[in-house]
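Trainee: Please take one part of this model and go through it closely. Keep it brisk, and give me the cut-offs as you go.

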Amino acid sequence: MQEVQQDIDSFIEKVKEMKKAYVEELHNPLPPEEDDRPASSEIDLGGNKSYMVGFYDLYQTVIYDVLYDDEIRTISLYGSAGVGKTTLAKEICEDPSIFECRAFVTIGPKYQLKEILKCILAQVDPDCDKLLVEEDGEVLSKYVYRSLNCWVLYLIVLDDVWDLQVWHELKRSFPDEEEESEGRFLVTTRSREVAESCFAGRAFEVPFLDKAESWNLLRQKMFPSPQLEEVGRKIAELEEVGRKIAENCEGLPLLIITIAKLLSKADKTLEYWTKVAEKKDSILSEANEQISELIKWWSAEGFLERVQGRTSESIALEFLRELLSKNVVMVIPNESSDGGIKNYGLHSSFWYLSNREAGKNKFSYNLNTRADGLAEGIKGQRRLCIHNNILFGIKDVYNSIASTSTVCSLLCIGPHHPYPVPICLEYLRLLRVLDALTIRFYEFPVEVLNLVHLKYLAITFNGHLPTFISKLWNLECLIIRRNLSTVKSHGNSSYLPMEIWDLRKLEHLQITGSNLPKPREGSFLSNLLALLDVSAQSCTEDVLGRIPNLQKLGIRIELPLENVDLEPFFCFDHISHLHELNTLKCVVVNPKITLSEAVDPIFPLSIFPSSLVKLTLSGLGYPWEEMSKISSLPNLRVLKLKCYAFRGPKWEVIGRFEFEALRILLIEDTDLVQWTVADDYHFRHLSCLSIKHCYKLEEIPANFGYRFRKIELVECNPLLVNRVKKFRENWFELYEIYYRCFPLDLHVDSSCDDGNIKS
């Protein structure tokens, strides 16, 4: 047992060394002593095709574009480091069907134009005079031009391009489109901006492998002869834990292959592999959060410069898209399927690098253990991130945090702690951000009222907010959650004081199920853009009229346990007057799902404002015929229907131009059986369809056709799953090849299926 543990520790150290080297490559791709190295032109595949796992459709699409699409000259592959861009480009370059004249050149962040030209010339004209290598860039450029112009068709692969400058410098070395010689260019880059800026081109993102593809790659590298009976038995024995190891690699082919090499040197035993799988935190780390939280933190910290006429969210999303385009952060799949950027994440390598640099520069500091709280690194930190809330209960750690008076942000993001712990708020007078949603407070922490710089406050407690909350006059975001054990009455359930109307800088207010108090004369919250989880009784004309710029509204409707009362739904009479409203979420928290039939509409859906872009309905139980009332909303792009929002066996879309602007549709938990669409004029822009827990639905409308970019099925009728799989099989030939559409992503998660599908 001791020997096994030593082997495991040795394995972990190897992976740590590998990860450190990978991080260094990300942080400083070329060592100083190698700045002047020549561009690489070596193509070494070693005959190993297993690395193509997960890329077959993309491979075929790019090959088709190179060979047959005369309108496309440049194809770009972009994605994170280690995701397989270079290998895919090499496979394409070596494909027998590709033109005889081809060159593969690795550029890098610090390139030399002369070396690139020498590499291209050496491949397209191997017999050129060796003395040419000593010529300057101008001469080499002319010789490259002449050599390429001798060929009717040629392919140039520019691998690892960091910016567009190299492309602009090289263009004059390639024959123009008017010449008889016709060139194709394949570019790989980590930057989406670079990929999409190449002229007359098409860009493809090389995605991370999903769980099934990750295991397939690991299995192929570990067991090259699966047909052997003994090997088959070993695969069956190790599959479950092997899938876990592959999952821990976070979809990076390079990391999977490297770990496979390490595993191949050790005993292939269940005990050993289980130990490796359990060491995830030692091998890889990941940080992910919701974009909405990130934006509010950035705003409270003052990172977002105020621009007149623009919201904090729009400014933050602009920054985030720039990070996404450079593949620094990645979008993490989430259950909402709203098509926007909802969850973001840092891949383990970037997380490691960011965490190290943030601590070193006193930008932020993570506390996971007692040792972290007592380390010298905590001194002078501006932001503390607590991953284990129990640390507040350890006296010496508590004192260490309390002595860090420079802290302006305190984020308690560890697992939910069901009991109160002492937080040293009285010592952290400079706090601008306090997020303690994962800590339960029995009473409101009065120390908060002295934090006059506070802009962001998020806590969980079951009491009433004190009247002195108005002292926090800088507050921009207030989130109050209730403990799950709280029982609400159907009378006046407000736990907010009248003074909430004095917080004039509030932009975001989230109050689980509470009534807003009746405003005083002259009270206005003109800066409030988001009001979430408010009770239906609060949405009166008097209240909503004093929040004139409201853009997001979330309403919780709690039906009486006995006779249905129509009063909670009167609020919708006033929503139509919110002309800035773009997002509306209406949830019946205790829907009558036991009823066998749809209920009569209690309020007309036709009163929703035309400004709505995103609409979520849950628990209403309306008949599907009522859908026609919202189908004409001109700006509606995202529609989510959850928990019997509509019910009945049949939904017929037969009107004229229904849901013209809709891009994303989610249908979850309903008894729908048949869904038909009369013609192609409906859902004209629908690109993402997500269907979850619809056990009776048999098929999706066949005439949706080439509009789709993504279909997601989660625990649905096996008949529906099989028909959509067949639909996907016909997609490549019919739409990607004939109509030149974008590839279709199909995700199937079903307990009746052999495994997840991603195409």
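Mentor: Start with E301. E301 is buried, at 9% relative accessible area. Buried means under 20%, exposed means over 50%, and partly exposed lies in between, with a 1.4 Å probe and protein chains only. This is a predicted model, where local features need pLDDT of at least 70, side-chain atom pairs count only at pLDDT 80 or more, and totals for chains, interfaces and linings use all residues. Numbering runs from 1 along each chain as its sequence is written, and side-chain values use heavy atoms, leaving out hydrogens and water.

Now the partner. E301 forms a salt bridge with R432, with the closest N and O atoms 3.2 Å apart. R432 sits in the loop between β11 (409-412) and β12 (433-441), while E301 sits in helix α13 (residues 291-301), so the pair ties together parts 131 residues apart in sequence. Helices (H or I, at least four residues) and strands (E, at least two) are DSSP runs, numbered from the N terminus. A salt bridge puts a side-chain nitrogen of Lys or Arg within 4 Å of a carboxyl oxygen of Asp or Glu. Side chains of opposite charge can pair when their charged atoms come close. R432 is partly exposed, with 23% relative accessible area. The pair belongs to a network: salt bridges link E301, R383 and R432.

The structure holds 20 salt bridges. One of them joins E237 and K234, at 3.2 Å, N to O. Both residues lie in helix α9 (residues 229-248), three residues apart, about one turn of the helix. E237 is partly exposed at 39% relative accessibility. K234 is partly exposed too, at 26%.

Back to β11 (409-412). What does L410 touch beyond its neighbours within four places in sequence? Its contacts (heavy atoms within 4.5 Å) are L384, I386, F392, I423, L425, L428, L431, V433, L434 and D435. The largest nonpolar core has 112 residues, and L410, L553, W675 and F683 have the most contacts inside it. Such a core is a set of buried Ala, Val, Leu, Ile, Met, Phe, Trp, Tyr and Cys residues, joined through side-chain atoms within 4.5 Å.
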